[in-house]
Amino acid sequence: MKLVTESDQQFYVSLFTDHSTMQHIGETLSDNQAVERFKKELTATGQNPSKSMLWIIINKAENKKLGLIGISQRSIFNDNWELGVVLAKQAVAQGIAKEAIKSLTKDILSQLQIDKLYGRINHKNDISINMVKSMGFENYKNDDGYGYWVYERKNWG
């Protein structure tokens with residue numbers, strides 16, 4: 001993983017404007033919307049202290065971008081940290097998200113003294129639901145569209 005840079009804009013936009021990638025994650029964005037969101041993410045990641053950080057998930061052997069993983073302090077989680085992962089279609093259901101989350105919690109979050117991560121998963125996103133269950137995330141709330149999950153340091157292994 002590496003922090004996003006300006007050179008990652010095209011990859012970011014390709015993920016957030018692809019309907020099949022976004023179908024169980026959130027709204028598919030227009031090119032302009034995705035570019036604006038990328039610029040905000042890039043600016044937020046560069047601030048100190050940062051309330052949002054975004055990394056590119058990379059297959060180092062092939063030097064290929066596989067997805068994004070990020071954390072941000074969100075009001076819907078009482079300013080606690082939300083975890084988000086978006087994978088390119090060819091990277092789905094291969095254990096990549098799980099490995100990225102493990103790497104993030106082991107290598108980065110322990111240094112930042114973050115003890116819990118929160119997330120929302122669309123009820124139709126069975127792949128992600130099964131993954132978070134296998135990792136020790138706990139479902140603490142549901143609404144019509146999403147399940148709400150918490151991942152505590154004691155489960156980071």
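## Exposure and Gln-111

A residue counts as exposed when its relative accessible area is over 50%, and as buried when that area is under 20%. In this predicted model, Gln-111 has a relative accessible area of 64% and is therefore exposed. Gln-111 belongs to helix α4, which covers residues 96-112. Between the C-alpha atoms of Gln-111 and Lys-51 there is a separation of 15 Å, and these two residues are 60 residues apart along the chain.

In soluble globular proteins, nonpolar side chains tend to be buried together. The largest nonpolar core of this model has 27 residues, and of these Ile-69, Ile-71, Leu-83 and Leu-117 touch the most other members. At least two residues of this core come from each of β2 (52-59), β3 (64-74), β4 (80-87), α4, β5, α5 (126-135) and β7 (146-152). The element that gives the most to this core is α4, with six residues.

## Aromatic rings and charges

The structure holds seven aromatic pairs. One of them joins Tyr-118 and Tyr-140 in an edge-to-face arrangement, with 5.9 Å from centre to centre and 85 degrees between the planes. This pair links distant parts of the chain, since Tyr-118 is in strand β5 (residues 116-122) and Tyr-140 is in strand β6 (residues 138-142), 22 residues apart. Tyr-118 has 13% relative accessibility and so counts as buried, whereas Tyr-140, at 41% relative accessibility, counts as partly exposed. Through ring pairs, Tyr-118 and Tyr-140 are also linked with Phe-77 and Tyr-148 into a cluster.

Charged side chains also lie over rings in this model. The charged end of Lys-141 is placed over the ring of Tyr-148, at 4.7 Å from its centre, while Arg-120 lies over the face of Tyr-146, 5.1 Å from the ring centre.

## The loop at Asp-18

Asp-18 is found in the loop that runs between α1 (9-16) and α2 (19-22). The side chain of Asp-18 makes a polar contact of 2.8 Å with the side chain of Ser-20. When residues up to four places away in sequence are not counted, Asp-18 touches Thr-28 and Lys-89.

Technical notes. Residues are numbered from 1 along each chain as its sequence is written. This is a predicted model: local features need pLDDT of at least 70, side-chain atom pairs count only at pLDDT 80 or more; totals for chains, interfaces and linings use all residues. Side-chain values use heavy atoms; hydrogens and water are left out. Helices (H or I, at least four residues) and strands (E, at least two) are DSSP runs, numbered from the N terminus. A polar contact is a pair of N or O atoms within 3.5 Å; within protein, one must be able to donate a hydrogen and the other to accept it, and residues adjacent in sequence count only if both atoms are side-chain atoms. Contact means heavy atoms within 4.5 Å. Rings of Phe, Tyr and Trp (its six-membered ring) pair if their centres lie within 6.5 Å; planes under 30 degrees apart count as stacked, over 60 as edge-to-face and the rest as tilted. Buried means under 20% relative accessible area, exposed over 50%, partly exposed in between (1.4 Å probe, protein chains only). A charge sits over a ring if NZ of Lys or CZ of Arg is within 6 Å of the ring centre and within 35 degrees of the ring normal. A nonpolar core is a set of buried Ala, Val, Leu, Ile, Met, Phe, Trp, Tyr and Cys residues joined through side-chain atoms within 4.5 Å.
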